[in-house]
Amino acid sequence: MSIMISDAIRYIGADDTDIDLFEGQYEVPNGVSYNSYVILDEKVAVMDTVDARKTTQWLENLALALGDRQPDYLVISHMEPDHAANIATAAMKYPGMTLVGNAKTFQMLKQFFAIDVTGRTLEVKEGDKLSLGTHELTFVMAPMVHWPEVMVTYESSEKVLFSADGFGKFGALGTDEEWTCEARRYYFNIVGKYGMQVQALLKKAAALDIQTICPLHGPVLRENLGFYLDKYKVWSSYEPEDKGVLVACASIYGNTKVAALTLVEKLEAAGETVEFTDLTRDDIAEAVEKAFRYDRTVICASTYDGGVFPPAEAFLAHLKSKGFQNRTVALMENGTWAPMAAKAMRTALEAMKNITIPETVVTIRSVMNDETKKQIDALVSELVK
């Protein structure tokens, strides 16, 4: 199936609704799309390939879009296998096709594929242009968004930005869901560490007249582009998107969870927006997304082997790896004979940037009691704004 984006630009990607884990770690209950495009002009340019899981469908879509024509160029914006898996297949099928990429692209190409592309490459750098006829491509380097070879491509006649992984989201195109939540989860878990690089790319994009964004995952964006650009500006700045509290709980036998849910009730009664996540059961990528979304988080964890219960430890490790910063994070711990979870969590948080830890630490000794409730009330007083 070839979908028209315009008279000259076609979508030739594919939905994957059978995949359970994206990148081997992120739950995708609504699947994911692998986006690829073709520009038909005097010269024909294919914009990226797709994951090996959808090779057959992609080749069929490409052939349908091409008709009796042959592609002149394959533009490689990103070498990650979910977009680049079919480069060798396409190069063999279309021997007259030139591969377009930057210096780092072709270094990586040799690592992924044992193919001879001598005389078949066009190496581009920042600001280089490629004319297809009435369509002209300008290449914009986007290193570490989120691999070092990433580049985006701007087509000036139709004012289209082919944005690589930028502005992407989880979820197949056939899924009827609101963009923001799954785009946020996608951003912070995949690109989140590279906020500075995203900010640099946004500055470059601000100089372009963009009317359509074609990402490598998720829907083509045409309307209200300011909304999507503003989201990326907030996300990449590491500033909270919304006022609210995430209560993230890792409980062994349920006693810590009882106290955590009591905290949720008291915060809600104080008028706060609160979300609760069970770190032992819920998707950790979603927990990370919510922690970045809100200005405050409370981590509630049992003591385990003299440290912190592993689900909470993993959550903290994920936050650190994604550059979590500029937030208030409160602590609740449980320990029957030697509560140590708060100490371990504080150490982990102190390794992050601009994290404020409230003075009140709720300590549960086995089960919640009147003293625990007083501590929870004190913490609520510190957290409520």
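User: Which residue just after helix 8 takes a positive phi?
Analyst: This is a predicted model, in which local features need pLDDT of at least 70, side-chain atom pairs count only at pLDDT 80 or more, and totals for chains, interfaces and linings use all residues. Residues are numbered from 1 along each chain as its sequence is written, and side-chain values use heavy atoms, without hydrogens and water. Helices are DSSP runs of H or I with at least four residues, numbered from the N terminus. Just after helix 8, a positive phi of about 90° is taken by G271.

User: What distance does helix 8 reach from its first C-alpha to its last?
Analyst: Helix 8 covers residues 255-269, 15 residues in total.

User: Why is the pair of Y187 and W235 classed as tilted?
Analyst: Rings of Phe, Tyr and Trp (its six-membered ring) pair if their centres lie within 6.5 Å; planes under 30 degrees apart are stacked, over 60 edge-to-face, and the rest tilted. The structure holds 19 such aromatic pairs. In this one the centres are 5.6 Å apart and the planes lie at 35°, so the pair is tilted.

User: Is W235 buried or exposed?
Analyst: Buried means under 20% relative accessible area, exposed over 50%, and partly exposed in between (1.4 Å probe, protein chains only). The relative accessibility of W235 is 2%. W235 therefore counts as buried.

Terms used: Helices (H or I, at least four residues) and strands (E, at least two) are DSSP runs, numbered from the N terminus. The expected span of a helix is 1.5 Å times one less than its number of residues.
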